[in-house]
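Dear colleague,

Please find the structure handed over below. I would be grateful if you read the notes after it with the model open beside you.

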Amino acid sequence: MARAVLPGFRVTMGFTVFYLCLIVLGPLLTLPTPAASLGWSGFWDVITDPRVVASYRLTLGASLAAACVNAVFGFLVAWVLVRYEFPGRRIIDALIDLPFALPTAVAGITLTALYAPNGWLGRPLAARGITVAFTPLGISIALVFIGLPFVVRTLQPVIEDLDAEVEEAAASLGAGRLQVLVRVILPYLYPAWLTGFALAFARAVGEYGSVVFISGNMPMRTEITPLLIVTKLEQYDYPGATAVALVLLIISFVLLFAINALQGWSARRLA
Amino acid sequence: MSNLRRSTLTEPAPLRWAITAVVLLFLTLFLLVPLATVFISAFAKGMQAYFSAVREPDAMAALRLTLLAAAIAVPCNLVFGVCAGWGIAKFDFPGKNLLTTLIDLPFAVSPVISGMLFVLLFGRNGVFGSWLFDHNVRIVFAVPGIVLATVFVSFPFVAREIIPMMEAAGNDEEEAAAVLGAGGLQTFFRVTLPNIKWGLLYGVILCNARAMGEFGAVSVVSGHIRGLTNTLPLQVEILYNEYNFQAAFAVASLLAFLALITLVVKAIAERRVEQTVLERTEIRLKPDPTSP
């Protein structure tokens with residue numbers, strides 16, 4: 001057991017587990033308590049209330065739409081950044097992380113100002129009969145902004161690792177560029193692509209700050225689930241807020257589990 | 001033959017230009033235009049209005065609270081990240097994967113739920129609520145709650161950056177140091193830290209950006225008391241909802257500026273991390289000159 005040469009396992013691991021329990025696990029485990037006062041039927045009534053169901057549909061639908069847009073454009077962005085040379089490539093590459101670094105509230109007010117009916121982008125769109133702000137479309141645009149780096153950053157290293165020899169082999173055996181792309185490159189990228197998509201989707205489902213400004217927050221129409229939780233909290237309806245939060249949390253944990261499985265699959269494929 | 005090869009190894013030039021143009025248009029629309037909008041709107045009424053909005057007492061109070069929350073959250077999560085990195089990367093034990101997944105948990109929790117956890121624990125009707133009320137201790141709708149929520153949302157950043165780096169570096173150098181008689185702390189500061197310093201900086205800067213920029217979680221625990229429990233992002237929201245757009249964007253520009261600094265430091269740190277990894281693999285791969 002050569003590893004035991006190094007000291008400090010007990011101290012560091014002890015502190016790690018203690019701090020994890022204190023800050024994360026402890027608070028998370030007490031979350032279901034207020035919902036228990038509802039009983040099963042009360043709990044079911046809260047989480048299947050039409051207004052709540054409408055919010056799930058909107059949150060999941062807008063997140064899915066945004067993740068799909070990000071999957072397509074994220075792939076193109078990653079491909080261009082890795083494979084093509086053009087002036088300003090390094091700056092653009094650094095800028096991809098802007099949605100990670102920019103506080104969500106800033107993103108929220110900025111996108112709303114841009115896409116409002118009198119905004120720079122909202123006015124020309126309104127002239128063509130497209131309203132963005134205060135509609136599900138606006139919510140999706142905010143979620144595209146938030147999710148973009150996930151797809152780009154998961155795909156970039158995998159595209160960098162693509163072995164040119166495999167492409168050459170396919171080409172010398174007579175495959176055209178499209179065939180190489182569809183039969184050789186895409187199957188190789190597939191697990192990482194799906195991981196990026198799932199990460200963007202998972203982030204979008206819980207997102208709050210960038211969405212509340214542009215969504216307009218009309219019950220049944222543009223009210224996302226995280227906002228509904230806040231509304232219930234502000235009305236001191238702790239059991240109701242907890243019940244809806246549990247549903248959202250379960251969706252998030254299922255996604256986290258799926259992402260872990262995908263990453264394991266991706267790592268095995270690339271090994 | 002070489003012509004054929006080139007044409008099948010990359011896309012035809014017109015297609016390349018078209019794809020690049022689409023990508024640049026998309027990024028301009030989704031990243032550059034919003035970023036520019038923040039600064040243009042902030043200065044829409046001139047320098048004077050900008051500086052008076054930024055120097056306004058409530059904005060200054062919000063800035064102080066934001067700095068305070070980050071000044072507590074970042075060091076706490078830094079110490080945690082280093083401990084978790086040492087324990088997880090340098091030793092083998094059962095349940096390692098589970099522990100790594102649990103550390104990432106705050107990323108999977110909606111910010112709103114993160115804040116709510118602390119309202120449920122320390123709020124008036126919460127688990128510890130009546131005890132705290134009897135002893136006149138305020139956590140929720142006060143500064144401690146904001147700090148707690150900030151610690152929670154910025155929890156995994158340092159740990160998740162340095163665990164893979166420490167794992168990749170291996171144990172050889174630390175074991176050599178230990179065998180030569182170095183103590184634990186000496187080994188860490190003299191041997192481990194120089195290898196991971198850029199990764200550590202990278203984690204700290206991401207942790208700090210999240211700590212200073214968090215909105216949802218902090219919004220739930222703050223109670224929005226002006227000048228007392230408002231952080232910069234909450235101040236932005238208040239000003240915006242009062243239709244004071246120029247002031248809202250002026251305060252937002254401080255946060256956008258912070259984001260730009262984060263991106264620059266991140267780009268530098270990332271390049272240094274790559275260099276360190278390259279140098280290390282070169283040393284390992286260098287052929288032994290004494291062997292035939």
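The model is a predicted one, in which local features need pLDDT of at least 70 and side-chain atom pairs count only at pLDDT 80 or more, while totals for chains, interfaces and linings use all residues. Residues are numbered from 1 along each chain as its sequence is written, and chains are lettered from A and ligands numbered from 1 in the order in which they are written.

Chain A

Chain A has 14 helices and zero strands; helices (H or I, at least four residues) and strands (E, at least two) are DSSP runs, numbered from the N terminus. The C-alpha atoms of this chain occupy a box of roughly 70 × 65 × 35 Å along the principal axes. Of its 271 residues, 45% are buried. A residue is called buried if 20 or more other C-beta atoms lie within 10 Å of its own, exposed if 12 or fewer, and partly exposed in between, with C-beta atoms placed from the backbone. Two residues are in contact if their C-beta atoms, placed from the backbone, lie within 7 Å. Among the contacts of chain A with a separation of 6 or more, 77% join residues 24 or more positions apart.

A200(A) is found in helix α11 (residues 177–206) of chain A. A200(A) counts as buried because 28 other C-beta atoms lie within 10 Å. Beyond its neighbours within four places in sequence, A200(A) contacts A67(A), N70(A), G147(A), F150(A) and V151(A).

Where the chains meet

The contact between the chains involves 72 residues from chain A and 75 residues from chain B. On the side of chain A, helix α1 (residues 9–30) gives the largest share, 13 residues. That side has 55 nonpolar, twelve polar and five charged residues. Here Ala, Val, Leu, Ile, Met, Phe, Trp, Tyr, Cys and Pro count as nonpolar, Asp, Glu, Lys and Arg as charged, and the others, Gly among them, as polar.

Chain B

Chain B is divided into domain 1 (1–42) and domain 2 (45–285), with bounds that come from an automatic or database domain assignment. The centres of these two domains of chain B, taken over C-alpha atoms, are 33 Å apart. Five residues from domain 1 of chain B and eight residues from domain 2 of chain B make the contact between them.

The largest nonpolar core has 162 residues; such a core is a set of buried Ala, Val, Leu, Ile, Met, Phe, Trp, Tyr and Cys residues joined through C-beta atoms within 7 Å. Helix α4(B) supplies the largest share of this core, 14 residues. Both domain 1 (1–42) and domain 2 (45–285) of chain B give residues to this core, so the core lies between them. M116(B) is one of the residues with the most contacts inside the core. Not counting residues up to four places away in sequence, M116(B) touches I229(A), L233(A), A241(A), A245(A) and V220(B).

Finally, helix α10 (residues 157–169) of chain B has 13 residues, which should span 18 Å at 1.5 Å a residue, and its end C-alpha atoms are 19 Å apart, which agrees. The expected span is 1.5 Å times one less than the number of residues. Buried residues in α10(B) include F157(B), I162(B) and M166(B). Among the elements that cover the buried residues of α10(B) are α4 (57–90) and α12 (184–213) of chain B. Just after α10(B), G170(B) has a positive phi of about 75 degrees.

With kind regards
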